[in-house]
Each structure stands twice: as structure tokens, then as C-alpha cells.
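The following exercises are to be worked through with the sequence and the model at hand. Each task is followed by a solution in steps.

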Amino acid sequence: MSASSRSRSVLLAAGTAVAAITLTSCGTGGTSSSSGSGTNLVNADVGATLEKEGDRREAPRLVGETLDGKKLDTADFRGKILVFNVWGSWCGPCRAEADHLVKVSSELTEDGVQFIGINTRDPQISPALAFEKNYEIPYPSLHDPAGKLLLRFPKGTLNAQTIPTTLFVDRYGRIAGRIIGGASEERLREILKPLLAE
């Protein structure tokens, strides 16, 4: 193969890789307070990960104000399984997952599962409140426009720039699993079933 043919092959492979990445995520103007690069919107549920019990790290205590102006302290939910969903009203994949989150959260409340939203990159509360009303979100959401609460999670457990992301905390306060991208009902249950059995 000639040098020019090899160059064309390399360029074609590089172009294919870029196209594949573009199809699976898209950028937005949002920035992270940690790095300043664009936020990744993951268009689809890309899988669920459950950590082995011995590998789980402690979740941070979060204290803040909810979208409806109330104080929320995660310490008040000690002993429950917590599901943190990071979302923004401007995020298409967040809209796509909303019905799944509502259904699973409503069905598992009595089993000791508490969903908590973390609304980010929404400087104004009104679009986020409209989102919650539209999808009839039954659980509270902390308002975290600058992503400061997200930065409290241990390094490697939550990418503050990938939205939506859902994190699961077991009854002992340890980060037990995650879904990167829009959460389907199937993926939510895939993580919660073994945590409920623990």
C-alpha cells in the first residue's frame, strides 16, 4: 500500500471514529466549574454499573435548598437507599428518562428507596420547576446551578459534566452503582433489585 493510500485509510478511520462519538453524545454551552469544558449530553442509556460491596466509597452528605425553597439534608434519609439523578431542564435525554424515574420512584418509596434530583446548569429556577410540574416529579430536587454539590462526590464516582447521570447509594451510605445517560426503567430496576435484597 502506498503512503498516500495509508494516509487516506488513517483519515477515513479517524473520521468514522469522530462520527461515532458525535452520534452517541452532543455538546452544549454549559460549562463545568471544575474544568470549563462543554457538558456531555448522553442521548441513550449506556448501561448500569453495580459496585461490589468491598469497592464502594462513602457518599457525601449533601445539604442545600430544593427547587421549592425547602432545606434538604441527605442525613435525614440515613438507612434508606438513595437514588441521585443529575438533570437539567434544558437536557433532552433528561426529558426522555423522566417518566421512568417517576414510575420507579413512586413504586419503591414504601420499600425504603428515596429519589433525590440534583438540578444543575439551570441558573433560573422557573424552567426547572416547569419541568418538574410537566413530568409530575414526586421527589425533591436540590438546586445546584453551578455544580458545587456534584463536586463533593469522590473522584471517579460522578462525572459532573455528563448529564444525565444517576447514582445509587446503599443503606450504609456507600455509592453502590451508577447509570450514565438516560435511565430506563429496566436499568433502574437492574441496580435497585440487588440493593433492596442486601
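## Exercise 1: Salt bridges

The structure holds 10 salt bridges (a side-chain nitrogen of Lys or Arg within 4 Å of a carboxyl oxygen of Asp or Glu). The model is a predicted one, in which local features need pLDDT of at least 70, side-chain atom pairs count only at pLDDT 80 or more, and totals for chains, interfaces and linings use all residues. Residues are numbered from 1 along each chain as its sequence is written, and side-chain values use heavy atoms, with hydrogens and water left out.

**Task.** Determine which parts of the chain are linked by the salt bridge of Glu51 with Arg178.

**Solution.** 
1. The closest N and O atoms of Glu51 and Arg178 are 3.0 Å apart.
2. Glu51 is in the loop between strand E3 (48-50) and strand E4 (57-58), whereas Arg178 is in strand E12, 127 residues apart. Strands (E, at least two residues) and helices (H or I, at least four) are DSSP runs, numbered from the N terminus.
3. Glu51 is partly exposed at 23% relative accessibility, while Arg178 is buried at 12%. Here buried means under 20% relative accessible area, exposed over 50%, and partly exposed in between (1.4 Å probe, protein chains only).

**Task.** Describe the salt bridge between Arg56 and Glu198.

**Solution.** 
1. The two side chains meet at 2.8 Å, N to O.
2. Arg56 lies in the loop between E3 and E4 and Glu198 in the segment after H4, so this pair ties together parts 142 residues apart in sequence.
3. Arg56 is buried, at 9% relative accessibility; Glu198 is partly exposed, at 34%.

## Exercise 2: Backbone geometry

**Task.** Which non-glycine residue has a positive phi of about 60°, and where is its place?

**Solution.** 
1. The residue is Arg121.
2. Arg121 has its place in the loop between E8 and H3.
3. Arg121 is buried, with a relative accessible area of 12%.
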